[in-house]
Amino acid sequence: MIANEQTARRGREGRTWQSSPGAGLWLTLIERPKDTSGLGVLSLRAGLVAAEALDRFASEPIRLKWPNDLYVDRGKLAGILVEARWRESTVEWVAIGLGVNVRAPENIGSAAGLEPGTDRLDVLGELIPGIRAAGQARGPLSAAEMEEFNARDLARGRICIQPALGRVAGISADGELLVALADGVTPFRSGSLVLEELP
């Protein structure tokens, strides 16, 4: 089943957003991974496979912004939210939430959409296999995944204001944001990445 509209929604840090009827895809996949070693990079891994799946529907290659946003041109196209339910030291399930603007919201200038005429069901069919595979993947990002992220990285080389004032130096294989500060490169595991300005 696919929803035509979403009336209650939540992103990272409790943020909300709007979704018009029929204008996008808003879904949550539940996975029960047997190996939890990939959970720390799951939002990045899901972003990589989502970007690859969405490329064919976009006007240009999808860019990624740590830790969970997908961009096309200057606008945000999609976001990912990963949450896990633990019972003591065992993961019961992992919820991978994904919201994609098939059509850009008219009242949000910073948002982007896919190419006109894109069918939501075609997008869904491209997304699901990769997202499910990402949910079961193990370990840190591979060398190939790191190379792909670097090629799509919206922020690398740009000045950021948060999580610290510095220059974005990429990500680590463990999913940390790397920021070059005056005294060296510092990794950040959590928080938001706010750039001084988008390209």
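Predicted model: local features only at pLDDT ≥ 70, side-chain atom pairs only at ≥ 80, totals over all residues.
**Entry 1: two helices meeting**

I started where L42, R45, A46, V49, A50, A53 and L54 in α1 meet V123, E126, L127, G130, I131, A134 and G135 in α2. By "meet" I mean contact, that is, heavy atoms within 4.5 Å. I sorted the residues of this contact into ten nonpolar, two polar and two charged. For the sorting, Ala, Val, Leu, Ile, Met, Phe, Trp, Tyr, Cys and Pro count as nonpolar, Asp, Glu, Lys and Arg as charged, and the others, Gly among them, as polar.

Residues are numbered from 1 along each chain as its sequence is written, and side-chain values use heavy atoms, with hydrogens and water left out.

How do α1 and α2 pack? I found residues 42–54 (α1) and residues 120–136 (α2) at an angle of about 155 degrees, with their axes 9 Å apart. The axes are lines fitted to C-alpha atoms, for helices over the stretch in contact, and angles run from 0 to 180 degrees between N-to-C directions. Angles over 145 degrees count as roughly antiparallel, and α1 and α2 are therefore roughly antiparallel to each other. I also noted that their crossing is right-handed, meaning that the near helix is turned clockwise from the far one by less than a right angle.

**Entry 2: the whole chain**

I looked up the elements next and got three helices and ten strands. These are DSSP runs, numbered from the N terminus: helices are H or I with at least four residues, strands E with at least two. Of the 199 residues in the chain, 44% are buried, which is to say under 20% relative accessible area (1.4 Å probe, protein chains only). I also checked contacts between residues at least 6 apart in sequence, and 59% of them join residues at least 24 apart.

**Entry 3: the five-stranded sheet**

In which order do the five strands of the open sheet stand? I read β1-β5-β4-β3-β2, with antiparallel pairing. β1 (24–31) and β2 (63–65) stand at the edges with a single partner strand each, so one side of each has no neighbour in the sheet. Neighbouring strands here are turned by 20 degrees against each other on average, direction ignored.

Two strands pair if DSSP finds at least two bridges between them. β1 pairs with β5 (residues 90–101) over eight bridges, and L25 stands opposite V100 there. Three bridges join β2 and β3, where I saw L64 opposite L70, and the hairpin between these two strands has three residues. β3 and β4 share four bridges, V72 being the bridge partner of G75 in β4. In their hairpin, with two residues between the strands, D73 takes a positive phi near 55 degrees.

Which way do the β3 residues point? D69 and Y71 go one way, L70 and V72 the other, and all are buried. I then saw α1 lying across β2, β3 (69–72), β4 (75–87) and β5, at about 140 degrees to β4.

**Entry 4: around S172**

I found S172 in the loop between β7 (166–171) and β8 (177–181). Is S172 buried or exposed? S172 counts as buried because its relative accessibility is 13%. Apart from neighbours within four places in sequence, S172 touches L141, M146 and L178.

From β8 I moved on to β9 (residues 184–188): the two run antiparallel, joined by five bridges, with V179 partnered by T186. A hairpin connects them through two residues.

Technical notes. Buried < 20%, exposed > 50% of the residue type's maximum accessible area, 1.4 Å probe, protein only. Parallel < 35°, antiparallel > 145°, perpendicular 65-115°, else oblique.
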